[in-house]
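Work through the exercises below with the structure at hand. Try each task before reading its solution.

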Amino acid sequence: MKALVFHGPGQKAWEERPKPRVEDASDAVVRITTTTICGTDVHIVRGEYPVKPGLILGHEPVGVIDELGAGLEGLYDVGQRVIVGAITPCGQCFYCLNGVHSQCGGGVGGWKFGNTINGAWAEYLLVPDARANLAPIPTGLTDEDVVLCCDIFSTGLSGAESGNIKVGDAVAVFAQGPIGLCATLGAKLRGAALIIGIDGNADRLRIARTMGATVTLNIHDGDPVPEIKRLTEGRGADVAIEALGLQETFENALRAIRPGGTLSSLGVYSGKVVAPYEAFYAGLGDEKIVTTLCPGGKERMRRLMAAIQTRRVDLRPLVTHAFALDDIAEAFDLFSHQRDGVLKVALYPDPARAKAAQSSVAAGLVDLQVLS
Ligand SMILES: [Zn+2]
Ligand SMILES: [Zn+2]
């Protein structure tokens, strides 16, 4: 099969690899029908997040069951459509049984695809602990409806959940990339009253308003923190979500919350992160700083897809481009340089399907313009 293989910082190649086979009774093999590129993949290829050379990258798989281990008989069918979360907990280790599934096996251990085992940028994918991780796609939902559940919807929503947003809260979401937009949507789903979307890109701020932001602030118009204070009677936000992974946004998020507020951090940081003295009230501000890695596992995926099935959520407007998996180099270049208004790209191993998707994605963009 063809696969996109990481060969160290700055080096990736589209090459021939053996098709994976079930090795263990609890494994399954999925034939990928749709996948996508994540900001984290860009960090990996740039050498900003260490991954072992030789691995197939990609952690957002949508597909069809191709082979099942003996332990999965009667639970799933070959040919069944499934998604698998970016995070694949085993469901049995110390961390899983303590409820922190994303840390399965140890720090960041739940993230396996394209990090510690072969990932989804290929025609076939080996899924370990499949019983905990294969989530059947509800009838009537397309690949494009659900592909963002694997990572960004789960991650963005988790920022709102970990922040424990309550009905009527004032929430500030720092950065409106795909994850930040899903965090904005998460704040809306949790019942926040004032949702402030912050970014430097006017197009992304426009989309933020369609995802639930009630106010948007462009960082090019000045420091957003005094404006957040002004909008909250001088107090600051109940919850700030950091969705970029920079010292500057972390610091601004901390400055933006009220005493006793929560900073819910989703960003992937490089190096160290420093808390400024005044914003941290010397450590006496009763603030909570929580971090979250994308929740995975089939039950999480089921819940996210249920919200899409009942039309509480529509993520298709975020899929702005479509490519054949053969053209992943071109897709990666577009995505990593944020050209052409890209938010997420759908990748298809089947070139005919990619071609069909290119026209429907264009139609989706029209919908988005009507919405805003
Ligand atoms: Zn990701
Ligand atoms: Zn585990």
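**Exercise 1.** Classify Tyr269: is it buried, partly exposed or exposed?

*Solution.* Start with the cut-offs: buried means under 20% relative accessible area, exposed over 50%, partly exposed in between (1.4 Å probe, protein chains only). Tyr269 has 24% relative accessibility, so it counts as partly exposed. Phe250 has a relative accessible area of 8%, so Phe250 is buried.

This is a predicted model: local features need pLDDT of at least 70, side-chain atom pairs count only at pLDDT 80 or more, and totals for chains, interfaces and linings use all residues. Residues are numbered from 1 along each chain as its sequence is written, chains are lettered from A and ligands numbered from 1 in the order in which they are written, and side-chain values use heavy atoms, with hydrogens and water left out.

**Exercise 2.** Describe the aromatic pairs; how many does the structure hold?

*Solution.* Apply the rule: rings of Phe, Tyr and Trp (its six-membered ring) pair if their centres lie within 6.5 Å; planes under 30 degrees apart count as stacked, over 60 as edge-to-face and the rest as tilted. The structure holds four aromatic pairs. One of them joins Phe94 and Tyr95, edge-to-face, at 5.0 Å centre to centre and 80 degrees between the planes. The ring centres of Phe250 and Tyr269 are 5.9 Å apart and the planes stand at 90 degrees, so this pair is edge-to-face. Now place it in the chain: Phe250 is in helix α9 (residues 247-256), and Tyr269 is in the loop between β12 (257-265) and β13 (288-291). The pair links distant parts of the chain, 19 residues apart. Helices (H or I, at least four residues) and strands (E, at least two) are DSSP runs, numbered from the N terminus.

**Exercise 3.** Find the protein donors of the zinc ion (ligand 1); which are they?

*Solution.* Look for N, O and S atoms within 2.8 Å of the metal (3.2 Å for Na, K and Ca); water is not among the atoms, so sites may look incomplete. The protein donors are Cys38 (SG), His59 (NE2) and Asp151 (OD), lying 1.7 to 2.2 Å from the zinc ion. Their spacing along the chain is C-x20-H-x91-D. Cys38 lies in the loop between β3 (28-36) and α1 (39-45), and His59 in the loop between α1 and β4 (62-68), so the two tie together parts 21 residues apart in sequence.
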